[in-house]
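Please walk me through this structure, step by step. I am new to it and would like to know what to look at.

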Amino acid sequence: QLYRQLLRASDFCLVANGSSTVNTVRLTEVVMHACIPVVVADDFQPPFHRHLNWSSFAIFSRTREIPRLAELLERIPGEDVLAKRR
């Protein structure tokens with residue numbers, strides 16, 4: 001219950017590589033709770049990429065950008081954050 005509340009209350013939710021690839025279970029949970037997925041991966045192909053405009057509700061980052069990730073997220077205008085959470 002607390003986990004779900006935290007997801008709903010957060011603007012951004014990190015979705016990083018799991019044991020071999022991006023954790024798609026976490027990705028699904030994040031999207032279902034209206035948190036903006038921040039996918040950190042170098043070689044990730046989003047599911048249903050031909051049918052979903054992932055850039056309209058997710059953020060993609062390469063692993064080399066991790067040190068600057070907080071700065072990159074802080075630069076996203078508030079109206080863009082609200083649009084991605086809808």
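This is a predicted model: local features need pLDDT of at least 70, side-chain atom pairs count only at pLDDT 80 or more; totals for chains, interfaces and linings use all residues.

Start inside. In soluble globular proteins, nonpolar side chains tend to be buried together. Here the largest nonpolar core has 12 residues. Among them are Leu7, Cys13, Val15, Leu27 and Val30. Cys35, Val39, Ala41 and Phe44 belong to this core too, as do Trp54, Phe57 and Ala58. Which elements give two or more residues to the core? They are strand β1, residues 12-16, and helix α2, residues 24-32. A second core is separate and holds 7 residues. Val40, Leu69, Leu73 and Val81 are included in that second core.

Next comes the covalent link. The structure holds 1 disulfide. Cys13 and Cys35 form it, with their sulfur atoms 2.0 Å apart. Where in the chain do these two cysteines sit? Cys13 is in strand β1, while Cys35 is in the loop between α2 and β2, the latter spanning 36-40. The two are 22 residues apart, and the pair links distant parts of the chain. The link of Cys13 and Cys35 is right-handed, with 105 degrees about the S-S bond. Both Cys13 and Cys35 are buried.

Is His33 buried or exposed? His33 counts as buried because its relative accessibility is 12%, and the cut-off for buried is under 20%. The His33 side chain reaches the backbone oxygen of Glu29 at 2.8 Å. Now set aside the neighbours of His33 within four places in sequence. His33 is then in contact with Arg4, Leu7 and Arg8.

Turn to the aromatic rings. The structure holds 3 aromatic pairs. One of them joins Trp54 and Phe60. This pair is edge-to-face, with 65 degrees between the planes. The centres of the Trp54 and Phe60 rings are 6.5 Å apart. Phe60 counts as partly exposed, at 37%. Phe44, Trp54, Phe57 and Phe60 form one aromatic cluster.

Finish with the charged pairs. How many salt bridges does the structure hold? It holds 2. Arg85 forms a salt bridge with Asp11, and their closest N and O atoms are 2.8 Å apart. Arg85 lies in helix α4, residues 78-85. Asp11 lies in the loop between α1, residues 2-9, and β1. The pair links distant parts of the chain, 74 residues apart. Arg85 is partly exposed, with a relative accessible area of 21%. Asp11 also counts as partly exposed, at 35% relative accessibility.

Glu71 forms a salt bridge with Arg75. The closest N and O atoms of Glu71 and Arg75 are 2.7 Å apart. Glu71 counts as partly exposed, with 35% relative accessibility. Arg75 counts as exposed because its relative accessibility is 57%, and the cut-off for exposed is over 50%.

Definitions and conventions: Residues are numbered from 1 along each chain as its sequence is written. Side-chain values use heavy atoms; hydrogens and water are left out. A nonpolar core is a set of buried Ala, Val, Leu, Ile, Met, Phe, Trp, Tyr and Cys residues joined through side-chain atoms within 4.5 Å. Buried means under 20% relative accessible area, exposed over 50%, partly exposed in between (1.4 Å probe, protein chains only). Helices (H or I, at least four residues) and strands (E, at least two) are DSSP runs, numbered from the N terminus. A disulfide is a pair of cysteine sulfur atoms within 2.5 Å. Rings of Phe, Tyr and Trp (its six-membered ring) pair if their centres lie within 6.5 Å; planes under 30 degrees apart count as stacked, over 60 as edge-to-face and the rest as tilted. A salt bridge is a side-chain nitrogen of Lys or Arg within 4 Å of a carboxyl oxygen of Asp or Glu. A polar contact is a pair of N or O atoms within 3.5 Å; within protein, one must be able to donate a hydrogen and the other to accept it, and residues adjacent in sequence count only if both atoms are side-chain atoms. Contact means heavy atoms within 4.5 Å.
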